[in-house]
Amino acid sequence: MTGTDVRIDGNTLRLPGGAAVRFIRTLRLPETGTHALPPGLGEFPLRRVADHADSVPEAWRARGGVMLPVYLREALWLSFAGTQEPAALQVGVGKVCAVSGRPWSGRLSRSPQNYVVLPRQRWLDGINSGEGTVRQFVAVPLGLGATVEGQVTGEEVWGGVQLQSFPLGADALARWRRAERERLERQRAELAARPPARTTGYGAMAAPPAPGAAPAGLRGASRPAAAMGLGVGGSMRQEVYRDDRPLTDWAEEPSGRVFVHLVTPPEWRRITGEAPPPSPVDRAAYTRAGLPWFDYYDQDAQDLGPAGPLRSVKPVGDWLGDDHEPWQPPSPHQVKQLGDAPGKPVEDGDW
């Protein structure tokens, strides 16, 4: 991808420099224990805020970006499948870094690392809790103190998700492209088999190991909308990889950024005139059906340590009450080992 615009391609956000991000629906984990990776249950739809300027809140128009519909206490993860060239991607939850727990920054940092490295990081399911685990992203309303933003900063001002991408500098990118050509030539010669895709039992997407395909109104005037942010749920086995490049390999300025607003299903219908996706699948029914969960390990990568400000973040159940959805652990054979057309530009705003 060339240019300086963030664009929506289907339900994929494409940032300048080639970073690709999709938001994937998934099963919510229990808030106790550590679990395998839950499956992908389809993509969240994305819409440009600018296309609905007459019906979104004024603050959203000022921030620009995109929006997606999400249910209260619904879980999600970010897929980076389809990223074309290396990128350092910052992920904010209410402008708190999901990797370091530090405030949002316009610069890359290594102490602590405040970004994920694409395409090595194939997905991100939650905030970095260290020791090979993350804590699942779960949608909650602002105002309760349940969001990561509220617990880390003491305020709930921003909500949503923030993304900012830094490309490699010219010299480092040229070296990577040479190495990539050599790698592809070796692959063609060896015809190496690919690992299975992380998917549901309904079939895989045509992409690098990543999520699966999903199972098969009138606009109102602009008004305040129910603001949503991300809290945390259960813990799962997933590494957030340490960058093995010198920090000087990356550009000093971001190539693009975008604010992702989280919209309740009723507000989605009012704002867009579209029906929201159906409510999330029951996880016990999914497991009883024998459909897969996932485990992933990369022996050549090094995991980041626990992020200090994120250690004390409590799960959403502490604010919203106990999770009454029954938990049925998957049997060992259900846990699969994974391993070793552009639209209009998305408008950025003041955030």
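1. Strand 12 and strand 13 form a hairpin, with two residues between the strands. In this predicted model, E131 sits in the turn and has a positive phi of about 55°. The two strands run antiparallel and are joined by four bridges. Two of the facing positions can be named: G126 stands opposite Q136, and N128 stands opposite V134. Strand 12 covers residues 126-130, and four of its five residues are buried.

2. Strand 13 (residues 133-141) is largely enclosed by the rest of the structure, because eight of its nine residues are buried. L76 is opposite F137 of strand 13. On the strand 15 side, V140 is opposite G229.

3. S235 is a residue of strand 15. Its relative accessibility is 15%, so S235 counts as buried, the cut-off being under 20%. Leaving aside residues up to four places away in sequence, S235 touches T133, V134 and R135, and also L29, P30, G33, T34 and H35. Of these contacts, T133, V134 and R135 fall within the range given for strand 13.

4. An open sheet of six strands has the order 6-7-16-14-9-10, and its pairing is mixed. Its edges are strand 6 (47-48) and strand 10 (116-118), each of which pairs on one side only. Helix 4 (residues 265-272) packs on this sheet and touches strand 6, strand 7 (66-69) and strand 16 (256-263). The direction of helix 4 makes about 130° with that of strand 7.

5. The bridge partner of A88 is V117 in strand 10. The loop between strand 9 and strand 10 contains P112, and the peptide bond from S111 to P112 is cis, with omega near 0°. A cis peptide bond also joins L118 and P119, with omega of about 5°. P119 belongs to the loop between strand 10 and strand 11 (123-124). For context, most peptide bonds are trans.

6. K95, in the loop between strand 9 and strand 10, has a phi near 60°. R73, in the loop between strand 7 and strand 8, has a positive phi of about 70°. Most residues other than glycine have a negative phi. R73 counts as buried because its relative accessibility is 12%, and K95 counts as buried at 17%.

7. How does the length of helix 3 (residues 170-190) compare with what its 21 residues should span? At 1.5 Å a residue the helix should span 30 Å, and its end C-alpha atoms are 30 Å apart, which agrees. The buried residues of helix 3 are A172, L173, W176 and E180. They cover an arc of only 85° around the axis, so they lie on the same side of helix 3. D171 and A189 are exposed residues on the face turned away from that buried side.

8. The largest nonpolar core has 51 residues; L13, V21, F23, L78, L89, F137 and L163 touch the most other members. Not counting residues up to four places away in sequence, the contacts of L89 are L15, V21, F80, Y115, V116, L118, L163, Q164 and S165. Another core, of 10 residues, lies apart from the largest one and includes V117, F166, W176 and W250. W176 is also one of the buried residues of helix 3, and V117 is the strand 10 residue that partners A88. In soluble globular proteins, nonpolar side chains tend to be buried together.

9. P276 is in the loop between helix 4 and helix 5 (283-288). With 17% relative accessibility, P276 counts as buried. Its contacts, again not counting residues up to four places away in sequence, are Y71, P265, W268 and R269. P276 and P266 are 10 residues apart in sequence, and their C-alpha atoms are 7.8 Å apart in space.

Notes
Residues are numbered from 1 along each chain as its sequence is written. This is a predicted model: local features need pLDDT of at least 70, side-chain atom pairs count only at pLDDT 80 or more; totals for chains, interfaces and linings use all residues. Side-chain values use heavy atoms; hydrogens and water are left out. Two strands pair if DSSP finds at least two bridges between them. Contact means heavy atoms within 4.5 Å. Axes are lines fitted to C-alpha atoms, for helices over the stretch in contact, and angles run from 0 to 180 degrees between N-to-C directions. Buried means under 20% relative accessible area, exposed over 50%, partly exposed in between (1.4 Å probe, protein chains only). The expected span of a helix is 1.5 Å times one less than its number of residues. The arc is that of the directions from the helix axis to the C-beta atoms. A nonpolar core is a set of buried Ala, Val, Leu, Ile, Met, Phe, Trp, Tyr and Cys residues joined through side-chain atoms within 4.5 Å.
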